[in-house]
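Let's take a walk through this model together, starting with the overall layout and ending at a few single residues. Keep the viewer open as you read.

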Amino acid sequence: MAASPLGDYQPGTSVFHRLPVGAKLLGLLVLSIVAVTFRGVTTTSALLALAVLGCVVAGVRLGRAARALRGVLVAMTLLAAYQTWQRGAEHAFVVVGALVALLLLATVFTTTTSVERMVDAITRWLGPFRRFGVNPELVALAFSLMIRGIPLTLAIAGETRDAARARGLDRNPRAYLTPLVIRVVAHARATGDALHARGLGDD
C-alpha cells in the first residue's frame with residue numbers, strides 16, 4: 001500500500017503506538033531541550049542509544065530509518081568535518097550525534113502517530129481558543145504536516161541525490177536541485193488535494 005501523502009504512519013501495537021499524542025510530543029520536546037542544554041558526550045550517547053531503542057521498540061522499518069538518515073548524510077558529514085576542524089572530534093560527535101538522535105526520535109513519532117490522532121489531540125487542546133477566532137482543525141493539521149514533512153523531505157532529498165549519482169550527474173547541482181524542487185512541490189500539491197478531500201482549508 002502506498003504511503004498517505006499526509007504522512008508515513010505505520011500501524012502497530014508497540015508502547016509508542018499506545019502512548020497518548022501529548023505524551024510523545026512532550027517527550028520529544030524535553031529530549032530536544034536536554035540535547036541543547038546538557039551538551040556532552042554522555043548526553044549524546046544516551047540520546048543515540050534511546051533513539052535506536054525507540055526505533056526497535058516502535059518497529060520502525062530499517063529501510064525507513066535508513067532513508068531518514070540518508071537524506072542528511074551529506075550535510076551531516078560536512079558538519080562533522082567542519083566541527084572536527086574547528087573544535088575537535090569530540091565536539092563534532094556531540095553536535096552531529098544529537099541531531100541524528102533527534103531525527104530518529106522524530107521518525108519514531110511520525111511512524112507511531114496517525115494524522116487523525118495528532119489532529120484530534122491538538123484540536124482538543126486548542127478548543128477553548130475557538131471563541132477567539134482560532135480554527136483548531138487547521139492549526140492542528142498544519143502542525144502535524146510540519147512534523148511529518150521533515151523526515152519526508154529528507155527522504156526525497158536522499159532519493160533524488162541517489163538518482164542523480166546513478167546518472168553520473170552527482171557533481172551537477174541542477175541535476176539534483178531541479179528534481180528535488182519538483183518532487184517537493186508535487187508532494188505539496190498531493191497534500192493539498194488530500195486536505196481538500198477532507199473538507200479542510202475551504203472557507
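What follows goes from the whole chain to its helices, its cores and some individual positions.

A quick word on ground rules: this is a predicted model, where local features need pLDDT of at least 70, side-chain atom pairs count only at pLDDT 80 or more, and totals for chains, interfaces and linings use all residues. Residues are numbered from 1 along each chain as its sequence is written, and side-chain values use heavy atoms, with hydrogens and water left out.

Start with the big picture. The protein chain has 9 helices and 0 strands, so helices here need defining: helices (H or I, at least four residues) and strands (E, at least two) are DSSP runs, numbered from the N terminus. Read from that end, the elements go α-α-α-α-α-α-α-α-α. Of the 203 residues, 37% count as buried; buried means under 20% relative accessible area, exposed over 50%, and partly exposed in between (1.4 Å probe, protein chains only). The accessible surface comes to about 11,900 Å², and carbon and sulfur atoms own 67% of that. Those areas come from the Shrake-Rupley method with a 1.4 Å probe, and for residues only the protein chains shown count as cover. As for contacts (heavy atoms within 4.5 Å), among those with a separation of 6 or more, 76% join residues 24 or more positions apart.

Now for the annotation. The unreviewed UniProt entry places "transmembrane region" at residues 20-38, 45-62, 68-85, 92-110 and 138-157. UniProt positions are given in the numbering used here, feature names are shortened, and annotations may be inferred rather than shown by experiment. Residues 92-110 are 100% helix and 0% strand, with end C-alpha atoms 27 Å apart. Residues 45-62 are 83% helix and 0% strand, and there the end C-alpha atoms are 20 Å apart.

Where does the nonpolar packing sit? A nonpolar core is a set of buried Ala, Val, Leu, Ile, Met, Phe, Trp, Tyr and Cys residues joined through side-chain atoms within 4.5 Å. The largest one has 16 residues, and Ala35, Ala51, Cys55, Val60, Leu104, Leu105 and Val108 touch the most other members. Helix 2 (21-37), helix 3 (41-58) and helix 6 (89-112) are the elements that give two or more residues to this core. Helix 6 gives the most, with 8 residues. Zoom in on Ala35 and, not counting residues up to four places away in sequence, you'll find it touching Leu47, Ala98 and Leu102. Apart from this core lies another, of 11 residues, including Phe109, Ala121, Leu126 and Ala140.

Next, helix 5. Helix 5 covers residues 73-87, 15 residues in all, and reaches 20 Å from its first C-alpha to its last, close to the 21 Å expected at 1.5 Å a residue. That expected span is 1.5 Å times one less than the number of residues.

How many aromatic pairs does a search of the whole structure find? It finds 1. Tyr82 and Trp85 form it, edge-to-face, at 6.1 Å centre to centre and 65° between the planes. For the cut-offs, rings of Phe, Tyr and Trp (its six-membered ring) pair if their centres lie within 6.5 Å; planes under 30 degrees apart count as stacked, over 60 as edge-to-face and the rest as tilted. Both residues lie in helix 5, 3 residues apart, about one turn of the helix. An α-helix has 3.6 residues a turn, so residues three or four places apart point the same way. Tyr82 is partly exposed at 44% relative accessible area, while Trp85 counts as exposed at 66%.

Finally, a few single positions. Thr43, in helix 3, counts as buried at 18% relative accessibility. Leaving aside neighbours within four places in sequence, Thr43 is in contact with Val34 and Phe38. Gly59 is in the loop between helix 3 and helix 4 (62-70) and is partly exposed at 33%. Its C-alpha is 8.5 Å from that of Gln10, 49 residues away along the chain.
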